[in-house]
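This report walks through the strands and helices of one model. Start with the structure shown here.

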Amino acid sequence: MALLEVKDLMVNYGQIKAIRGVSFEVNEGEIVALIGANGAGKTSIMHAINGLIPVREGSIKFQDVELTKYPSHKIVKLGLTQVPEGRRVFQELSVKDNLILGAYSRKDRNEIKESMERVFAKFPVLGERQSQVAGTLSGGEQQMLAVGRALMSKPTMLLLDEPSMGLSPLYVNKIFDTIKEINAEGTTVLLVEQNAKKALSIANRAYVLKTGTISLQGDAKELLQNDQVKKEYLAE
């Protein structure tokens, strides 16, 4: 069953056609990857889904609700939460306050406390540094905080935009292990990632974006073996 359904999506930046008739779906329980080079349109699709940029044409449905009619803060309340590119943690606030802000759409304090304890169990370093100012964390720790903050909204579906960007190999492995774990616990995942090899290694299905359109799609493991994907995205 399609949890997220994008049909004939078109997004413009002035005269530039960034997204040109893209259609794809994410089924409940899946990890679906969007891969492609810089400028292919991956982040534009994420921003359109989240209501951060206007959609020129097309439909974006989440659990049969048309998202193009909703502002960003209401989309989060529907159960769709994004971990943005570049982490975007609140640098001046503590780790704990960042996590609390992630739960702004929830009211039950006991449930919020339980969610925070689960985040600390998943990322022990955040529990150890919950009083520390977020801007003093390492890049990998800030990425963990960004993921933890998103989990505080108790999402049905998590959107991850370039989670490995700028991270050491150790933290990249940790983040991808965590994505698999989150998915195994019942959260559907849409993953935008330049590290195609890593993304395809954990995804169920994937779509390859090229200049605002989908050029390839299919089973992620099969795409790992596709000659075109190997040549363009998996070269060492």
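Six strands form an open sheet with mixed pairing, in the order E6-E7-E8-E3-E9-E10. Strands (E, at least two residues) and helices (H or I, at least four) are DSSP runs, numbered from the N terminus. Two strands pair if DSSP finds at least two bridges between them. Strand E6 (80-83) and strand E10 (213-219) stand at the edges with a single partner strand each, so one side of each has no neighbour in the sheet. On average, neighbouring strands of this sheet are turned by 15° against each other, direction ignored.

The model is predicted: local features need pLDDT of at least 70, side-chain atom pairs count only at pLDDT 80 or more, and totals for chains, interfaces and linings use all residues. Residues are numbered from 1 along each chain as its sequence is written, and side-chain values use heavy atoms, with hydrogens and water left out.

**Strand pairs**

Strands of a sheet pair through backbone hydrogen bonds, either parallel or antiparallel.

| Pair | Sense | Bridges | Opposite residues |
|---|---|---|---|
| E7 (157-161) and E8 (188-192) | parallel | five | Asp161 and Val192 |
| E1 (2-13) and E4 (57-62) | antiparallel | five | Lys7 and Ser59 |

E4 and E5 form a hairpin with two residues between the strands. There, Gln63 takes a positive phi near 50°.

**Helices on the sheet**

Helix H1 (residues 42-49) lies across strand E3 (31-35), E6, E7, E8 and strand E9 (205-210). H1 runs at about 145° to E7. Axes are lines fitted to C-alpha atoms, for helices over the stretch in contact, and angles run from 0 to 180 degrees between N-to-C directions. Helix H6 (residues 139-151) also packs on the sheet, where H6 touches E6 and E7. Contact means heavy atoms within 4.5 Å. The direction of H6 makes about 170° with that of E6.

**H6 against H7**

How do H6 and H7 pack, and at what angle? The angle between H6 and helix H7 (residues 169-184) is about 15°, and their axes are 10 Å apart. That makes H6 roughly parallel to H7, a term for angles under 35 degrees.

Which residues of H6 meet H7? They are Gly140, Glu141, Gln143, Met144, Val147 and Leu151. Their partners in H7 are Tyr171, Lys174, Ile175 and Ile182.

Notes
Angles under 35 degrees count as roughly parallel, over 145 as roughly antiparallel, 65 to 115 as roughly perpendicular and the rest as oblique.
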